[in-house]
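Have a look at the model first, then read on.

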Amino acid sequence: FAEAAISATSKTTTMIRYCVDPDWLPYEAIIDGRHIGISSDYLALLTDYTDLSFVLVPTSSWRQSLALLQQGQCELTPILNQTPKRDEYLSFSDVFFKSPNVLVSLKTQPFLQGFEHIGQRTLAIPKDYRLVEYVQTFYPDIKTVLTMTEREGLAKVANGDVDVFVGSMFSVNAYIQQHGLSSLKIAGWGGPEDELRIGVVHAKKDILEQINAGLAKITHADHIAIYKKWHNITVVEDIDYSLVLQILALLSLCIFFLLYRTIDVTKYNRHLSEHNKALQQLQLELERKNNDLDFLTQHDPLTKLYNRHYFNQTFLTDARQHDGNNICLIMIDIDLFKAINDCYGHATGDRVLVQFADILQLSVRDDDVVARWGGEEFVIVCQHVDIQGAKELCQRITQELQDFSFDNNIKVTCSFGIAVLGEHEAIQHCFERADMALLQAKKTGRNRYCCA
Ligand SMILES: Nc1nc2c(ncn2[C@@H]2O[C@H](COP(=O)(O)OP(=O)(O)OP(=O)(O)O)[C@@H](O)[C@H]2O)c(=O)[nH]1
């Protein structure tokens, strides 16, 4: 597109002096004395499609441009909204460009949707903009702050001097992008859409016919090309990050708390399970010790046979529960054991006792009970065995002793006293009889059994 500083062509042209807003990109601006922006491109097209040529009258503010239009020093302004006030000194072409107006606030402000939600907030509007008339007419309660330019209004919002600014979406966005005003956001729509036209002073209103005809010739493709050239809007950040941050902080706090609780509970559980393990260990230890204690209270520590205590408890008290008619008591005493101790020492004597006990244990049946009665004396309780069976057991033991090779080739014999428990006999009495029989065996030469 050609720029708007239009040179005269060979055709007969009517020269029109025009003013613009020098600071309203992307619509228009004067940069280094040159008119640029959307309106510049439209004027270039109108130069082609009409017999008009346009000469820029440079100004330093929109206000000044309006003043020059009112004074007739400018005859045209290429892009503006129609308002009743402007109708007093301008005539307007057909609408050729539309753009929404937006409310701009700091990102910390909530989304406002429209003028009706501004409430007590202050609203900045560029002086002499159509929106001033609109807001004062329809929202007279809004506290407005008039600024010289859009730039000034946006700067006031960014600085926190006013709460909200209203302006054209295209120019607002261009300004925010150019100046990196990342603290600002579009907070809502502001009033009616801009319907932009060309305004000419009443004295020149006869050129409007040409202008409208020229505007009508502008193709859809031309409109789109201009729009694309100047419309560089990217969506202004519309996420309220302060809210997101608050939610994130809250979530992090919850996660942290849950994590802390989980770690705490895990620690406690580990501690508990360690304690339980230690307790179980102690319990096992106690059971083992109890078992050991049980074993020790019931067994002779040297030979591991039942001891006299167990024997007394089990048989002297309730042997009658067994079938009394078939119980045989055999009292056994190693012969001349003192001589073994004296000859080979006490330790050897101990080993002989252990080996002797093993022989007894191996010689009896599973349900017979062998116990160490004390010293070198033993007792066997045979169940379901008659006197003959008891005798045979004594003979078997005698034979085993004879065949067994004791330490130091010591020859060990023993004497037996056998008694069968009578039907109504007290077991203690039976013991005494067996003991007497044993004494008898000793007296009559040892290495033999005697029956009571
Ligand atoms: N090594 C050892 N000797 C024991 C143990 N208990 C008792 N004795 C010994 O066994 C011997 C028993 O001797 P005595 O009662 O005189 O009887 P004996 O020498 O076997 O003679 P007779 O019974 O008459 O054949 C004693 O010298 C006791 O010290 C023991 O646990 N270990």
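## The chain overall

Of the chain's 452 residues, 36% count as buried, where buried takes 20 or more other C-beta atoms within 10 Å of a residue's own, exposed takes 12 or fewer, partly exposed is in between, and C-beta atoms are placed from the backbone. This is a predicted model, so to speak of local features we need pLDDT of at least 70, side-chain atom pairs count only at pLDDT 80 or more, and totals for chains, interfaces and linings use all residues. Residues are numbered from 1 along each chain as its sequence is written.

The secondary structure comes to 14 helices and 19 strands; these are DSSP runs numbered from the N terminus, with helices (H or I) of at least four residues and strands (E) of at least two. Among contacts between residues at least 6 apart in sequence, 72% join residues at least 24 apart; a contact here is two C-beta atoms, placed from the backbone, within 7 Å.

## Around the ligand

There are 16 residues around the ligand, and Asp335, Phe337, Lys338, Gly349 and Gly375 come nearest. To be near, a residue's C-beta atom, placed from the backbone, has to lie within 6 Å. Strand E15 (327-334), helix H11 (337-344) and helix H12 (346-363) each give two or more residues to this shell, and H12 has the largest share, with four.

By type, the shell divides into five nonpolar, four polar and seven charged residues. Nonpolar covers Ala, Val, Leu, Ile, Met, Phe, Trp, Tyr, Cys and Pro, charged covers Asp, Glu, Lys and Arg, and the others, Gly among them, are polar.

## Strand E14 and its partners

Strand E14 (residues 194-201) is mostly covered, with seven of its eight residues buried. Strand E6 (residues 76-81) runs antiparallel to E14 and is joined to it by four bridges; strands pair if DSSP finds at least two bridges between them. Asn81 has Leu196 of E14 as its bridge partner.

Strand E7 (residues 90-92) is also antiparallel to E14, with three bridges, and there Ser91 stands opposite Val200. Strand E8 (residues 97-99) makes three antiparallel bridges to E14 as well, with Lys98 opposite Glu195.

## The nonpolar cores

The largest nonpolar core has 62 residues, and Tyr18, Val104, Leu123, Val157, Val164 and Phe165 touch the most other members. A core is a set of buried Ala, Val, Leu, Ile, Met, Phe, Trp, Tyr and Cys residues joined through C-beta atoms within 7 Å. Helix H6 (residues 169-179) gives the most to this core, six residues. The core lies between domain 1 (1-94 + 196-235) and domain 2 (101-192), because both give residues to it; the domain bounds come from an automatic or database assignment. A second, separate core of 45 residues includes Tyr306, Leu360, Phe378 and Ala419.

Phe165 sits in strand E12 (residues 164-168) and counts as buried because it has 29 C-beta neighbours inside 10 Å. Leaving aside neighbours within four places in sequence, Phe165 is in contact with Val104, Ala124, Gly153, Leu154 and Val157.

Most residues other than glycine have a negative phi, and most peptide bonds are trans. The peptide bond from Leu25 to Pro26 is cis, with omega near 5°.

Leu336 is not a glycine, yet has a positive phi of about 45°; its place is in the loop between E15 and H11. His384, also not a glycine, has a positive phi of about 55° and is found in the loop between strand E17 (377-383) and helix H13 (387-403).
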